[in-house]
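Have a look at the model first, then read on.

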Amino acid sequence: MSKVKQKKHSTFIDMTAMSDVTVLLLTFFMSTATFLPKEPIMVQSPGSVMEIKIPDAYITTILIRPDGKTYVNFDRPNDREAILNKIAQDYNITFTKEQMNSFKNPTPIGIPINKEIMTQYLSSPMMQQDEYLKTHALSTDSARNELKQWLQYAISVAANEGKDYAKTYNIAVKADKGTPYIYVEPVISILQELHLNRFNLLTTLKTMPNILADN
């Protein structure tokens with residue numbers, strides 16, 4: 001007796017629905033992702049075994065390079081716009097829409113509050129701004145304390161919105177592992193002068209040595 005041949009069924013699987021879900025997930029993650037601000041110079045933070053997560057919003061980062069060059073970054077574009085508007089009012093500067101948009105980019109600030117320097121810098125292409133930041137930074141000395149001036153404007157803008165800067169914003173000091181303490185100390189002194197006594201020193205998490213395995 002001959003065997004009855006089984007009818008073959010198609011193994012085709014419609015992946016249209018799966019593709020739609022993948023695109024939706026990709027769009028969601030891209031729209032909700034938090035991008036790291038661009039830094040003029042890469043800083044290698046010192047290692048630490050302590051793990052305290054810094055919040056993703058309302059962050060003021062102070063970047064200190066090994067040569068002592070210091071920058072400040074405000075993570076919220078709305079805050080940056082408000083700060084620039086306050087400076088424009090106090091210094092009688094008219095910024096164009098293009099200059100305002102340039103300043104709202106999450107790039108560390110390394111320019112003094114000066115009409116000529118600011119307008120020229122914000123009118124320059126992004127690559128020229130990067131080159132400028134490699135050779136210029138904010139002064140932290142007592143005679144020409146540019147870092148303190150930027151922080152004072154940020155505190156003033158927050159106060160106008162009814163916010164206590166010290167309680168609302170998270171201050172993060174990111175110094176390179178090769179940065180001498182002599183460059184970090186003035187930054188800490190500035191924060192204390194402004195009553196910003198709650199701040200974090202950013203480090204890179206390193207693994208604990210396995211003592212039991214060594215024994």
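How many residues apart are E131 and K134 in helix α5? They are 3 residues apart, which means about one helical turn separates them; helices here are DSSP runs (H or I, at least four residues), numbered from the N terminus.

Before the rest, note that this is a predicted model: local features need pLDDT of at least 70, side-chain atom pairs count only at pLDDT 80 or more, and totals for chains, interfaces and linings use all residues. Residues are numbered from 1 along each chain as its sequence is written, and side-chain values use heavy atoms, leaving out hydrogens and water.

**Salt bridges**
- The whole structure has 9 salt bridges (a side-chain nitrogen of Lys or Arg within 4 Å of a carboxyl oxygen of Asp or Glu).
- E131 and K134 form one of them, at 3.3 Å from N to O.
- E131 is partly exposed at 47% relative accessibility, and K134 is partly exposed at 36% (buried is under 20%, exposed over 50%, partly exposed in between, with a 1.4 Å probe and protein chains only).
- In helix α2, K86 and D90 sit 4 residues apart, about one turn, and their closest N and O atoms are 3.0 Å apart in a salt bridge.
- K163 pairs with E161 in a salt bridge, with the closest N and O atoms 3.3 Å apart.

**Cavities**
- There are 2 cavities of 30 Å³ or more (on a 1 Å grid over the protein atoms alone, sets of points where a 1.4 Å probe fits but cannot get out; lining residues have an atom within 4 Å of a point).
- The largest cavity holds about 80 Å³, a volume being the space filled by probe spheres set on the points.
- Its lining includes R80, S102, Y121, L122 and Q129, with α3 (97-104) and α4 (115-122) each supplying at least two residues.
- The second largest cavity has a volume of about 50 Å³, and F74, D79 and Y169 are among its lining residues.

**Q129**
- Q129, in helix α5 (residues 126-135), is buried at 2% relative accessible area.
- A polar atom of the Q129 side chain lies 3.1 Å from the backbone oxygen of Y121.
- Leaving aside residues up to four places away in sequence, Q129 touches S102, Y121, L122 and S124 (contact means heavy atoms within 4.5 Å).

Key. On a 1 Å grid over the protein atoms alone, a cavity is a set of points where a 1.4 Å probe fits but cannot get out, and a pocket is an open set with protein on both sides within 12 Å along at least five of seven lines; lining residues have an atom within 4 Å of a point. A polar contact is a pair of N or O atoms within 3.5 Å; within protein, one must be able to donate a hydrogen and the other to accept it, and residues adjacent in sequence count only if both atoms are side-chain atoms.
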